[in-house]
Every structure is written in structure tokens, then in C-alpha cells.
Amino acid sequence: MSKTQITITQPDDWHLHLRDGEALTSIAPFTAKQFARAIVMPNLNPPVTTVVQAVEYLDRILAAVQGTDFEPLMTLYLTDNTRPDEIIAARKSCFIKGVKLYPSGATTNSDAGVTDIRLCDKTLEKMQEVGLPLLIHGEATAPDIDVFDREKVFIETTLQPLMQRFPELKVVFEHITTKEAADFVTESTANIAATITPQHLLFNRNAMFQGGLRPHHYCLPVLKRDTHQQALLAVIRSGNAKFFLGTDSAPHAKSKKESACGCAGIFSAHAAIEIYASIFEQQDALDNLEAFASFNGPDFYGLPRNSRTITLKKQEWQIPESYPLGSETLVPFLAGQTINWKLA
Ligand code: DOR
Ligand code: ZN
């Protein structure tokens, strides 16, 4: 008989964009309602490159989630000029849990990102030494590379050589989208893990072109073909502990998405755990949800699992068409659609 209610250890979101200012105030409560902790991406404008900037950002996030127990886990934005000293300071800070690699030009606010990863070798060596994870946006950015091949090319040209230079570096391959990435992580040593978003489990690239151009299904790395979606679904059915929940929830104003040059990013924080539950149920893998959402992430990061629980009920509800985003509006993932699990 199919389940009508599940209770799991409270989950964490291991990849999240919270933005800043009034957008932060609008969206942070969605995450705080579901998740105990989240790894907060540093791609603000200007980016969060120092421990001092991270603590200031942490304070603004805490103000936005006042009255909750939500714990932001902060990250630093790696640049060509990040010094090993900053890594030591980050390690000592206790609230910085990773350093984010954006290849320059790969995505939103990545202009200050890394132009050549070898320029960071001293810093990466220090990260390996102190056990601070590198969180990777894994896309090669040379303009001649086909957009659908960017993850695969990144593995071959950047990630494999990087792991040869730093075999003990802890790495989270973020928001994987391809069979190549799933295989790479599965076959790697235990210090390499990956996050998977709801959109890459639920859709393939057809979703971006269904009856017209669908800007709200556009994110980076872009949705791939069906065979890749199937490989990601096979991963969650397998229950492999190297893979865990990371929404990559990334809000942009409706006007910036529905535009001649629309921004990349899908906002899923409003219903993240409910959407993952629907996907796992559909895959007949509900029993794997708790490890994916609540165990594998903290185990990899060396953090305690949460002690509270959440309960999800089998109950249909309709996702709103929009939410406020400061003075603008936001179209959430699966806007207007009905989903069948609801946080109690
Ligand atoms: O789609 C995306 N949006 N991918 C990213 O890597 C960044 C994010 C954003 O910040 O909007
Ligand atoms: Zn992201």
C-alpha cells in the first residue's frame, strides 16, 4: 500500500542562493520553514570573497530568518587571487563550510570567478590540508563548446586533472546534470560527492521548449537530454550515499526571466522538500528520501545530522502562480501546478 504520511529527520539544502537586500527578506523564510541548514552561495554582486564579508552576509541572513532556528552555512567565492591565508581564516571561523568555484563567465555573477584553476593551486593545497570542501560549478566556459557539453568537457579538462593534483581535496560537484557526472562521482574516491536539483530530476531539455520558449525552466547547467535525466533518477533509486539534496534554488524577478535575454535560475525553495518527495515516490524510492535529504549531506561535510523531524502528508495542493520578490514578483518552480505531498 502506498504511504499517506512520512516522517523524516529534518533535511538541509546543500546548495542555495539567498540573494541580498529585500529579495533575501522575501525568500529566506521559505527555506527556513523546511530546512534546518543550507549551504549559502556567495555569488552576490560584489561576491563574498572574504571571511569578513561572509560574517556580514551571515548577519543579514539571520535578520531575515529571525524567530527561526535556521542555520546558514556560509561559503567563500574563489577568485584567481584568493590567498591561502583566507582559507586558514575561513577554517577557523567555524561558520564557513566551503569555497565555491565558479569558472569565470559560467553563470550569474561569475565574472569575478576563476580564469584558470591552476592559478589557485596554493589555495587548493591549503583547502586540502585543512579539509575545507571545494564546491564546484562544473562547466567549461570556452565559447566554442556546445552549451550541452559543458559539464562533460569540464570533467575531462578540469576536474580529472584537479583530482590528480589534489587527490584528497574534498569536492562537491554541484547540481550535476549528466550521466558522465553521475558516473564520475560514483566511480571516484569517497572525498567526491554531488548534489542534485529537483529540476534536473523532473525534467529534460524538452521542458524548455514545450509549445514555445519556457524561461522558467532555464537554469545553469542547462537541462540535458532524457538519457541524462534517467541517469540521475537511477542515482536516487540506487541510494548511493555520495549524492544529496541541493536545490540550487535561484530566484530572479519575473521581468528578468521573461526577457529578450532571460536570467538563468529556478526558484524551488517554496516547495523543495515536497517536490523531492513527489519525485522519490514516483521512482518508488521514498525509502531513500531521508538519507538523500537529511543524512548524506551532513555525513559528507562532517556535521551532525539534525535531531528534529518533519512530517510530509500525502495531500494535493496547488503551487501559487507567483510570490513577491521585494518590490518585484517571482514565478516559482511548478507555478500553478498541483503536487501531492505537503509539509505538515
Ligand atoms: O541557474 C543558475 N542560477 N545557475 C547558477 O549556477 C547560478 C544561479 C543564480 O545565481 O542565479
Ligand atoms: Zn547555484
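A: The space taken by ligand 1 is the largest cavity, a cavity being a set of points on a 1 Å grid over the protein atoms alone where a 1.4 Å probe fits but cannot get out. This is a predicted model, with local features needing pLDDT of at least 70 and side-chain atom pairs pLDDT 80 or more, while totals for chains, interfaces and linings use all residues. Residues are numbered from 1 along each chain as written, chains are lettered from A and ligands numbered from 1 in written order, and side-chain values use heavy atoms, without hydrogens and water.

Q: Which residues come nearest to ligand 1?
A: Arg 19, Asn 43, Thr 107, Leu 220 and His 252, out of 13 around ligand 1 (a heavy atom within 4 Å). The shell divides into 4 nonpolar, 7 polar and 2 charged residues.

Q: What lies 3.1 Å from an oxygen atom of ligand 1?
A: A polar side-chain atom of Thr 108. Ligand 1 also has an oxygen 2.8 Å from a side-chain N or O atom of Arg 19, and one 3.2 Å from a polar backbone atom of Gly 265. The protein buries 100% of the 290 Å² that ligand 1 exposes taken alone (Shrake-Rupley, 1.4 Å probe).

Q: Switching to the metal, which protein donors does the zinc ion have?
A: His 15 (NE2), His 17 (NE2) and Asp 248 (OD), 2.0 to 2.1 Å from the zinc ion, ligand 2. Donors here are N, O and S atoms within 2.8 Å of the metal (3.2 Å for Na, K and Ca), and water is not among the atoms, so sites may look incomplete.

Q: And what spacing do the donors follow along the chain?
A: H-x1-H-x230-D.

Q: Is His 15 buried or exposed?
A: Buried, and so is His 17 (under 20% relative accessible area, 1.4 Å probe, protein chains only).

Key
Polar contact = N/O pair within 3.5 Å; in protein donor to acceptor, adjacent residues only side chain to side chain. 1 Å grid on protein atoms, 1.4 Å probe; cavity = no way out; pocket = protein on both sides within 12 Å on 5 of 7 lines; lining within 4 Å. Sits in = over half its atoms within 2 Å of the grid points. Nonpolar A, V, L, I, M, F, W, Y, C, P; charged D, E, K, R; others polar. Buried < 20%, exposed > 50% of the residue type's maximum accessible area, 1.4 Å probe, protein only.
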